[in-house]
Amino acid sequence: LQEASLRELKSIESEFALRQNIDGCRLQEIWRETSRPDTPYSKFTCGNIQTLKENPERAGQDVNKALRAFYEQYYVSGNMRLV
């Protein structure tokens with residue numbers, strides 16, 4: 001899981017870097033920053049290495065352990081639906 005999460009994190013960082021120069025994405029960030037702070041929209045739009053790895057680790061969180069716990073809680077057959 002650790003290698004897979006690191007690969008995914010690198011992909012997310014690459015996508016984040018690409019978004020930096022797209023006017024529509026920049027405008028969305030302005031809307032998010034200026035939206036009401038009590039709404040979900042104001043919280044988070046796109047992650048990067050800092051928000052998804054460095055900040056949690058600095059706060060003492062084990063990111064891989066949190067990912068594993070999330071996976072074990074939500075990726076179970078009882079939550080699956082066939083469409």
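Being three residues apart in helix 2 (23–34), Glu 29 and Arg 32 are separated by about one helical turn; helices here are DSSP runs of H or I with at least four residues, numbered from the N terminus. The side chains of Glu 29 and Arg 32 meet in a salt bridge at 3.1 Å, N to O. The term requires a side-chain nitrogen of Lys or Arg within 4 Å of a carboxyl oxygen of Asp or Glu. A search of the whole structure finds four salt bridges.

The model is predicted: local features need pLDDT of at least 70, side-chain atom pairs count only at pLDDT 80 or more, and totals for chains, interfaces and linings use all residues. Residues are numbered from 1 along each chain as its sequence is written, and side-chain values use heavy atoms, with hydrogens and water left out.

The largest pocket holds about 440 Å³ of space. Its lining has 18 residues, and the closest to the centre are Ser 5, Leu 52, Val 63, Asn 64 and Leu 67. Helix 1 (2–19), helix 3 (49–58) and helix 4 are the elements that each give two or more residues to this lining. Helix 1 provides the largest share, seven residues. By class, the lining has 10 nonpolar, four polar and four charged residues (nonpolar: Ala, Val, Leu, Ile, Met, Phe, Trp, Tyr, Cys and Pro; charged: Asp, Glu, Lys and Arg; polar: the others, Gly among them).

The second largest pocket holds about 190 Å³ of space. Of its 14 lining residues, Phe 16, Gln 20, Glu 29, Thr 45 and Cys 46 lie nearest the centre. Helix 2 gives the most to this lining, with four residues. The lining divides into four nonpolar, five polar and five charged residues. A pocket is an open set of points on a 1 Å grid over the protein atoms alone, where a 1.4 Å probe fits, with protein on both sides within 12 Å along at least five of seven lines; lining residues have an atom within 4 Å of a point. A volume is the space filled by probe spheres set on the points, which are joined across faces, edges and corners.

The structure holds two aromatic pairs (ring centres of Phe, Tyr or the six-membered ring of Trp within 6.5 Å; planes under 30 degrees apart are stacked, over 60 edge-to-face, the rest tilted). The rings of Phe 70 and Tyr 74 have centres 4.7 Å apart and planes at 45 degrees, so this pair is tilted.
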